[in-house]
Amino acid sequence: MRDELLGALSQYGSPALFVVAAVASVGLPLPVALLLIVTGSLIAQGVMDAGWAIGLACAGSVAGDLIGYAIGRWGGGRLLHRFSSLLGGEERLNRTQARVRRWGWAGVFFTRWLITPLGPWVNLASGVSLYPWGRFLLWDVLGECLSVVIYVTLGWVFSDSVMSLDSVLGELTWATVAFAAAVLLGWKLLSLFRRAT
Amino acid sequence: MPKTWQESLALGLALVVAISVLFVFGYRAVRHARYLRSEDQPIHAWMSVPFVAHTHHVPKEILFAAIGVEPREGDRRPLRTIARQQNRPVAAVIRDLENAIVREHGKAP
């Protein structure tokens, strides 16, 4: 699958990037980071136009994110309320949703470019918790554009070693997820100790 | 109180796991980073001849000649497509390219 997608990018350019970015943002595990890195390399080789490539990659990612958000908002919400008793009751669910609405911008922004594996889940959660779509769109566009520019620039700088760069970034992504989890767990543990003393 | 202890233990264990995962992936990232500027980049079936020429710093005309293809401007066909059109395995096309790179560099690609 990966080879076919990269072959399509090499042959068809930005339109292929748009489609893959959109599908990946909905939640399908496609190697969109590698495609963006290779795009940077193709730009460095003079094969692809930087403006079109970055514009279409951003547009595809945002379109996919909005589909995920819509699924959560109009599909997941109803399902969640039907099974709210299994999730601690309606009141607890409402409290959680209020928390997502308050801090949702950080979740949306940082999962676009830093903790990317959580991105599709945050899209669904934002829709389910009725996070205002205008604000979702704002942070989504900012985060996705930053993500695309970072990956494409790295691919442009390391245009002759894209596969090695993809390996480094793949490992770093999971290291970042682990770091975020460690910070969160450490914070919770500290709060627990403070409450107990 | 026992509930707090159980909760603390579970959180502590989860924290140890998260830090371990952080170190494992961090170490692997550093290990891969050492190959970033290496000339030994692998050739894949999705790559086009100009792409391989760029990653290995070899003129594309030499690589096109090595696999018996007339160089054309804008020929971005993946190696897999070229192999299919030549009725031979893609591994053979990649081997020919590697040999041409070896000859050009005077060392293994």
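**Between the chains.** I began with polar contacts between chain A and chain B, and in this predicted model I noted five residue pairs in polar contact, both residues of each pair being at pLDDT 80 or more. I then asked which helices of chain A supply at least two residues each to the side that touches chain B; they are helix H1 (2-12), helix H3 (32-44) and helix H8 (162-196). Of these, H8(A) gives the most, with 21 residues. Sorting the residues on that side of chain A by type, I wrote down 22 nonpolar, 10 polar and six charged.

**Salt bridges.** I looked next for salt bridges across the interface of chain A and chain B, and the rule finds three. One of them joins A:Glu4 to B:Arg80, where the closest N and O atoms are 3.9 Å apart.

**Extent of the contact.** I recorded 38 residues from chain A and 36 residues from chain B as taking part in the contact. The two chains bury about 3,200 Å² between them, and 68% of this area lies on carbon and sulfur atoms.

**Chain B by itself.** I counted five helices and zero strands in chain B, which I read along the sequence as α-α-α-α-α.

Note on methods. Residues are numbered from 1 along each chain as its sequence is written. Chains are lettered from A and ligands numbered from 1 in the order in which they are written. This is a predicted model: local features need pLDDT of at least 70, side-chain atom pairs count only at pLDDT 80 or more; totals for chains, interfaces and linings use all residues. Side-chain values use heavy atoms; hydrogens and water are left out. Contact means heavy atoms within 4.5 Å. Buried area is the accessible area (1.4 Å probe) that two parts lose on being put together, summed over both. A salt bridge is a side-chain nitrogen of Lys or Arg within 4 Å of a carboxyl oxygen of Asp or Glu. A polar contact is a pair of N or O atoms within 3.5 Å; within protein, one must be able to donate a hydrogen and the other to accept it, and residues adjacent in sequence count only if both atoms are side-chain atoms. Helices (H or I, at least four residues) and strands (E, at least two) are DSSP runs, numbered from the N terminus. Ala, Val, Leu, Ile, Met, Phe, Trp, Tyr, Cys and Pro count as nonpolar, Asp, Glu, Lys and Arg as charged, and the others, Gly among them, as polar.
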